[in-house]
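Open the structure in your viewer and keep the selection tool ready. Each stop below says what to select next and what is there.

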Amino acid sequence: MRETSSVRFEAEDVRRRQLIDATIESLADVGFAACTLMDIARRAGVSPGLVAHYFGDKEGLLEATLRHLAGRLSRLVARRLAQARTPRERIQAVIDANLAPEEFDRRTASVWLAFWGQVIHSAQFKRVQNVYQRRMLSNLRHSLKQVVSEREAQSTAVAIAAVIDGLWLRETLAAEGEPESAEARAIVTAFVDTQLAMIRQRAHASEAARIEGGSASILCSHIGGRAYRAAERRSFTSFNSATGEALAEIEVAGEAEIEAAVASARSGQKLWAAMTGNERGQVLVRVARLLRERRDELARLETRDTGRPIRDSAVAVAAAADCLDRFAALAATIAGEHVDLGPDAFGYSRPEPLGVVAVIGGGHPLANACGSAAPILAAGNALIFQPSELAPLTAARLAGIMTEAGLPDGVFNVVLGFAETGRALAGRPDIDKVVGASEASMPVTRARGGKSALIVFDDAHLDDAVSGGLLANLDAAGQASGGARVFVHEAIRAAFLEKLVARARRMVVGDPLDPGTEVGALISEARMLGALRQIEQTREQGAGLLAGGHRLVEGDLGKGAFVAPTVLDGCADDMAIARDQILGPVVTVFSFVDEDEVIARANDGLFGRTAGIFTRDLARGRRVIARLVAGTCWINRSPDSSIELMGLSREGARAALEPYTRLKSVYVHLGSSDAPG
């Protein structure tokens, strides 16, 4: 009995669909006024009474037909939404479905137009239209709220829907030819991109204006593709270290935010890892493009946040974009190996992402964040980044750019806070790897601290060597890498010091936003006081102060954390300065007389950091470099910052991917399997 009933209901559904199809055909051919039950029945090959049996009257049949059309479109939208990974892709899914070729042909469009023309006369049609419109606006608004404010999402959703309907109406009423689906979708896509760009530009300009004007705004963590307010609303103030002005109130991420970030990263990573390496690379390329487009804005933000001179910040933004481009290209090349095991078997290896990686700290947030993110994301992982509490602004801005570029929600998260936030991240068992920002940015042999070494031999070009000493210790007011021990051969030490002191005293210290400034402010007053204490301690231990060594307080410099470029001579290996990072503009000079001696002394404190030498004897240069224990080495000139971020070559960058993948080995048997018994 149940089987009989089921068959009967299925037959009735088929007959109803047959009549609806006949109604669509009649409306397309003769229009709404001439569409009659008689014509519909004739087209369906049934009697008019059967039509009345199923739908009651013409109004009932027409309402069922309109609901069928709206439902068909809703199902198409749902299918496309299910395939979309990011908010922008979900917006595009709504556009593409509503203007799809199967919904945008002349015949289907004329039927829709016939119904819309009767909406003002039929309460039934109006109800269906209202549901259709609310559903479209809801889909658009839900996706837009993840990339713009709620108010902007509402108005933008209405504008997008109006453009879709306007294009549909315009093409439907065209005198001849089929509507151009691809052209219509391209027009709406361009409109959406323009609107979103304008909204973001206004938001960035507003935020920049608040910071420029010294008005502190609220800055919160970025989790799951959006700003994420902290549950406890605990905050601290971030200051411009050059002027003392408040830049923003920073919300501290607590346990709830860490939990949300990990959950979001876990979810987003699955989508990200499922994408091809080429698809991931395309997203990273878009991030790099946006960084370049907003270089000036980001450089100013980083300069206000860190005290770094604006010209150095601009270089750092460009270097960050270059780094992302390099790993974007490598993302598509991540592959394992194939091993021939004879006629009956083969094996292969498969590099797979680790999962979720947390990166802690870093004094230069944009460079550290991009240097960390590039290999981690290229390998298919999700990232939770905690910038230094001293300079959090550009990292939070980068997170928004990542979302804008199409990175799936949750793949790049920023949590703000102090050391306790980093410890909370590091202690999570569901995070697959935790690294420091410098470790994530560049492969090193070891990462145990220590100080870099710069060795100046007696045949070095003195002016170049002095430049190297200044760059190694005064970049970012000496905060870029913790400074370097400058070993100078005793035979040229006096001449080297004379040139070094003269140039240190001539360096321009001032407003970091002034393009002429060479040395900016330290990142905080506490950092400045710490550097001054270390300078005094080194003098007490026997070093000679040849230049600087004091805070600069003249004019506007007195409002900020400025230290005069400092030269300390006569430094010894047993002084604290030989091992401790002095995060200030301080050049420490050590003397040596023998090659073997200086190599041993340099290696004693390197611990995987950089090392450079100045010599005109390239045979000696190669010989010494081979014996130095350092991750990145150079001869006669340090590499620029973009190369430091990426590694010296394609292979150097490829090596940076390895810590963020695990290798799976697979054995494949092609023949039959024998077993005893």
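Helices here are DSSP runs of H or I with at least four residues, strands are runs of E with at least two, and both are numbered from the N terminus. The model is a predicted one, in which local features need pLDDT of at least 70, side-chain atom pairs count only at pLDDT 80 or more, and totals for chains, interfaces and linings use all residues. Residues are numbered from 1 along each chain as its sequence is written, and side-chain values use heavy atoms, with hydrogens and water left out.

Is glutamine 269 buried or exposed? Glutamine 269 counts as buried because its relative accessibility is 10%; buried means under 20% relative accessible area, exposed over 50%, and partly exposed in between, with a 1.4 Å probe and protein chains only. Now show its contacts (heavy atoms within 4.5 Å). Leaving out residues up to four places away in sequence, glutamine 269 touches Pro353, Gly355, Gly380, Asn381, Ala382 and Val411.

Next, select strand 5, residues 246-251, together with strand 1, residues 217-219. These two strands pair in the parallel sense over three bridges, where pairing requires that DSSP finds at least two bridges between two strands. Serine 217 has alanine 248 of strand 5 as its bridge partner.

Strands 4 and 5 form a hairpin with six residues between them. In the turn, look for glycine 244, which has a positive phi of about 80 degrees.

Move to phenylalanine 125, in helix 7. Phenylalanine 125 counts as buried because its relative accessibility is 0%. Which residues does phenylalanine 125 touch, not counting residues up to four places away in sequence? They are Phe32, Glu59, Leu62, Glu63, Leu66, Phe115, Gln118 and Val119. Then find alanine 64, which is 61 residues from phenylalanine 125 along the chain; their C-alpha atoms are separated by 9.8 Å.

Now turn to empty space. Rolling a probe the size of a water molecule over the atoms shows where empty space is left. A cavity is a set of points, on a 1 Å grid over the protein atoms alone, where a 1.4 Å probe fits but cannot get out; lining residues have an atom within 4 Å of a point. Points are joined across faces, edges and corners, and a volume is the space filled by probe spheres set on them. A search of the whole structure finds two cavities of 30 Å³ or more.

For the largest cavity, about 80 Å³ in volume, select Leu73, Ser74, Val77, Val94, Asn98, Tyr132, Arg135, Met136 and Asn139, which line it. Helix 4 (58-83), helix 5 (87-98) and helix 7 (123-144) are the elements that each give two or more residues to this lining. Helix 7 gives the most, with four residues.

For the second largest cavity, about 50 Å³ in volume, select the lining residues Arg485, Asp573, Ala578, Arg579, Arg601, Asp604 and Gly605.

Finally, select the whole protein chain, which has 24 helices and 19 strands. Of its 677 residues, 51% count as buried.

Key: On a 1 Å grid over the protein atoms alone, a cavity is a set of points where a 1.4 Å probe fits but cannot get out, and a pocket is an open set with protein on both sides within 12 Å along at least five of seven lines; lining residues have an atom within 4 Å of a point.
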